[in-house]
Amino acid sequence: MPAPLFSTPPTDLAGAALVAMDEATAAILGPALAEIDPWARMDYPASQLMAYLQANDPAVRKFAIRRDGATAGVVALRHPWLKGPYVELLALLPDHQGHGIGSAALDWIEREAAATQRNLWVVTSAFNEGALAFYRRHGFEPVGRLPDLVYDGFEEILLRKRLRVSSKG
Ligand SMILES: CC(C)(COP(=O)(O)OP(=O)(O)OC[C@H]1O[C@@H](n2cnc3c(N)ncnc32)[C@H](O)[C@@H]1OP(=O)(O)O)[C@@H](O)C(=O)NCCC(=O)NCCS
């Protein structure tokens, strides 16, 4: 029987590595994410981010991104979701953005999913133009607008990447 998706995190993602999330790392990442957009602009509480990262949800695999001995970001993958995984959270802290790590993470997620899954999904804030452009460059297409999903007055965009799986599943 094949291993479940995302059970072997990569050790070289453009010079970074994914490791299983632990409580102490979640306690660093929660406040750090709350200080950057999109969470800062929505005034999203650090405590909620930390609680999300620390929660034990068997449907979500959460990884910290480690780079040069530092905590560089986070990847959280919900699977199964909608005929394919949902990239629930992908974030690099500012010092670690623009080094190809986010792209390498998406490539790994796609490689893992491509043999058996029909889709990849992600949601990003409509104001987050950098992230929208990033996902579009990686083959995601906007498929829906989700007004007031997180907070009133903020719209989120659902994006889908179609994979080439031909089997029914
Ligand atoms: C959006 C985000 C996930 C992208 O991850 P990233 O690691 O910064 O992205 P990458 O470095 O892979 O790619 C971004 C740009 O960096 C540049 N880049 C890629 N590899 C690089 C390298 N080795 N050295 C320098 N620059 C590089 C590229 O120019 C790339 O632009 P392109 O897509 O036009 O080619 C990240 O910037 C982020 O976390 N932002 C804040 C949180 C957020 O918005 N998350 C997503 C929505 S919740």
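Author: Strands here are DSSP runs of E with at least two residues, helices are runs of H or I with at least four, and both are numbered from the N terminus. The model under discussion is predicted. On this basis, proline 80 is placed in the loop between S3 and S4.

Reader: How are the strands arranged, and why are S1 and S6 said to stand at the edges?

Author: The 7 strands form an open sheet with mixed pairing, in the order S1-S2-S3-S4-S5-S7-S6. Strand S1 (17–20) and strand S6 (141–147) each have a single partner strand, so one side of each lacks a neighbour in the sheet. From one strand to the next, the twist averages 30 degrees.

Reader: What makes S1 and S2 a pair?

Author: Two strands pair if DSSP finds at least two bridges between them. S1 and strand S2 (residues 60–67) have 4 bridges, in the antiparallel sense, and therefore meet that criterion. Alanine 20 stands opposite phenylalanine 63 in S2.

Reader: Which strands does helix H4 touch?

Author: Helix H4 (residues 101–114) packs on the sheet and touches S1, S2, S3, S4, strand S5 (119–125) and strand S7 (155–162). The direction of H4 makes about 160 degrees with that of S4.

Reader: Why is S4 described as largely enclosed?

Author: Of the 7 residues of S4, 6 are buried, so the rest of the structure largely encloses this strand. S4 pairs with S3 in the antiparallel sense over 6 bridges, and with S5 in the parallel sense over 2 bridges. Leucine 90 in S4 is the bridge partner of valine 75, while valine 122 in S5 is that of valine 87.

Reader: What makes the approach of glutamate 156 to serine 125 a polar contact?

Author: The cut-off for such a pair of N or O atoms is 3.5 Å. The side chains of glutamate 156 and serine 125 lie at 3.0 Å, which is within that limit.

Reader: What sets alanine 14 and aspartate 68 apart in their backbone, and how is the exposure of each classed?

Author: Each has a positive phi of about 50 degrees although neither is a glycine. Most residues other than glycine have a negative phi. Alanine 14, in the segment before S1, has a relative accessible area of 41% and is therefore partly exposed. Aspartate 68, in the loop between S2 and S3, has 72% and is therefore exposed, since that class begins over 50%.

Methods:
Residues are numbered from 1 along each chain as its sequence is written. This is a predicted model: local features need pLDDT of at least 70, side-chain atom pairs count only at pLDDT 80 or more; totals for chains, interfaces and linings use all residues. Side-chain values use heavy atoms; hydrogens and water are left out. Axes are lines fitted to C-alpha atoms, for helices over the stretch in contact, and angles run from 0 to 180 degrees between N-to-C directions. Contact means heavy atoms within 4.5 Å. A polar contact is a pair of N or O atoms within 3.5 Å; within protein, one must be able to donate a hydrogen and the other to accept it, and residues adjacent in sequence count only if both atoms are side-chain atoms. Buried means under 20% relative accessible area, exposed over 50%, partly exposed in between (1.4 Å probe, protein chains only).
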